[in-house]
Structure formats: C-alpha cells, structure tokens
Amino acid sequence: MVKNNIVLIGFMAIGKGRTARELHRQTGRFSVDTDDLIESLVKMKIKKIFKRHGEAYFRELEALTADWLQDHVDYSIVSTGGGFFKVPNLSEIGTVVYLNSDFDYLLKRVLDQPDSARKIAKRPLLADKNAARRLYLERLPLYRQVCDYEIDVTGKSTRQVAEKVIEKTGIICK
C-alpha cells in the first residue's frame, strides 16, 4: 500500500531539503531527510561513510532506510539524497516529486551562495564540474522514469517550489 508521503528526489543541491522544510511550514507535515536518517543509523557523516565503506555500502543503507520509511512513516515529507531514487520500493514510500533545473542553473545557484565552499565540500562531486555534469545527464532520464510529478525549480523561490508541490500533489495545508 502506497503511503501518503511526499518524496522529493533530484540532483544534489537542487533544494530538496529546503523545499521539505518549507512544505513542513506550510502543511504541518513532519519532514525527514534520508541522509540524516542514515547518519543517525551509523553515527557517521555521509562523506565519511563513502570514504570508509564505499558507495555500495551506502546504497545498502539507503535500501534499509527506504524499507524503514515504507514500514513506519506516513503523512510526511521525505527529502532524499541524490541517488536515493534507485531504491526499489521508492513508489511505495509515497508520491514521488522530482525537483529539476538545468545543470548550469543548479551549479550557479550553489556557487552564488555565501557559503559555497562549505556546500561544495559537503558535495565533493560538485568540485569536478565535468563529472558532475555527466552524472546529472545520466540521472536525468532515470529521475523522470520514477517520478509522479516533475517541477522545474529554475528561477523559483523555495516558497514557490513548495506551493507547486502542494498544487501538483493536492496535499492539504494547515
């Protein structure tokens, strides 16, 4: 049975976490972040998990997190890591909303932030723009395959993106 969650997917730094927090503010729904759940589970930052155990282990943790969300979370907003869309039970967790923009807009938005060095350090893949662009282009059709709705965030404030999610999914505001 599909849960009544809204699951936000999309490329790293697209604004899934910010949008989830704004959706919480507008709807009163609880907001959870899959990366935060994983860090709590293993008591280690994502970057350290990748460095110490590798990507395959991290993907196993994502699958465990997806199972837990499916079994225990309902009527919530779920923001996900950039690769979380690959979990096999994604559609069972809730309505999947893909937040998208073109790669150059995404990169410019990150670089224009006052704390851009910290943002890139948190997402080291963005430091290699060519590799990041390749991954973005590789994932683009895959995100579109698994989503129920796609929302272009280009030029929109977080509030506008959240309002578009509410409009598309029909979730009720508080």
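**A first walk around the model**

Modeller: Let's start with Arg52, which is exposed, its relative accessible area being 52%. Exposed means over 50% relative accessible area, buried means under 20%, and partly exposed is in between (1.4 Å probe, protein chains only). This is a predicted model, where local features need pLDDT of at least 70 and side-chain atom pairs count only at pLDDT 80 or more, while totals for chains, interfaces and linings use all residues. Residues are numbered from 1 along each chain as its sequence is written, and side-chain values use heavy atoms, with hydrogens and water left out.

Biologist: OK, and where is Arg52 placed?

Modeller: Look at helix H3, residues 46–53: Arg52 is in there. Helices (H or I, at least four residues) and strands (E, at least two) are DSSP runs, numbered from the N terminus.

Biologist: Which residues form a positive surface patch with Arg52?

Modeller: Lys47, Lys48 and Lys51 make up that patch together with Arg52. Patch members have over 30% relative accessible area and no salt bridge; like charges are joined within 9 Å, nonpolar side chains (Val, Leu, Ile, Met, Phe, Trp, Tyr) within 5 Å. Lys and Arg count as positive, Asp and Glu as negative, and His and the chain ends are not counted. A charge is placed at NZ of Lys, CZ of Arg, CG of Asp or CD of Glu.

Biologist: Let's zoom out. How many helices and strands does the protein chain have?

Modeller: Nine helices and five strands. Reading from the N terminus, the order is β-α-β-α-α-α-β-α-β-α-α-α-β-α.

Biologist: And how much of the protein chain is buried?

Modeller: 48% of its 174 residues count as buried. The protein chain exposes about 9,200 Å², and carbon and sulfur atoms supply 53% of that. Those areas come from the Shrake-Rupley method with a 1.4 Å probe; for residues, only the protein chains shown count as cover.

Biologist: What about contacts across the protein chain?

Modeller: Take residues at least 6 apart in sequence: 76% of their contacts join residues at least 24 apart. Contact here means heavy atoms within 4.5 Å.

Biologist: Switching to charges. How many salt bridges are there?

Modeller: Eight in the whole structure. A salt bridge is a side-chain nitrogen of Lys or Arg within 4 Å of a carboxyl oxygen of Asp or Glu. Side chains of opposite charge can pair when their charged atoms come close.

Biologist: Show me one. What does Arg25 pair with?

Modeller: Arg25 pairs with Glu22, and their closest N and O atoms are 2.7 Å apart. Both sit in helix H1, three residues apart, about one turn of the helix.

Biologist: Is Glu22 buried or exposed?

Modeller: Glu22 counts as buried because its relative accessibility is 12%. Arg25 is partly exposed, at 42%. Setting aside neighbours within four places in sequence, Glu22 contacts Thr158, Arg159 and Ala162.

Biologist: Which salt bridge links distant parts of the chain?

Modeller: Asp104 with Arg133, at 2.8 Å from N to O. Asp104 is in helix H6 (residues 103–111) and Arg133 in helix H8 (residues 129–146), 29 residues apart. Asp104 is partly exposed at 46%, and Arg133 is partly exposed at 31%. There's also a network: salt bridges that share partners join Glu55, Arg59 and Glu62.

Biologist: Last topic, the backbone. What is the phi of Lys43?

Modeller: About 55 degrees, a positive value although Lys43 is not a glycine. Most residues other than glycine have a negative phi. Lys43 is in the loop between helix H2 (34–42) and H3, and it is exposed, at 73%.

Biologist: And Tyr75, what is its phi?

Modeller: Positive as well, near 55 degrees. Tyr75 lies in the loop between helix H4 (55–72) and strand S3 (76–79), and it counts as partly exposed because its relative accessibility is 47%.
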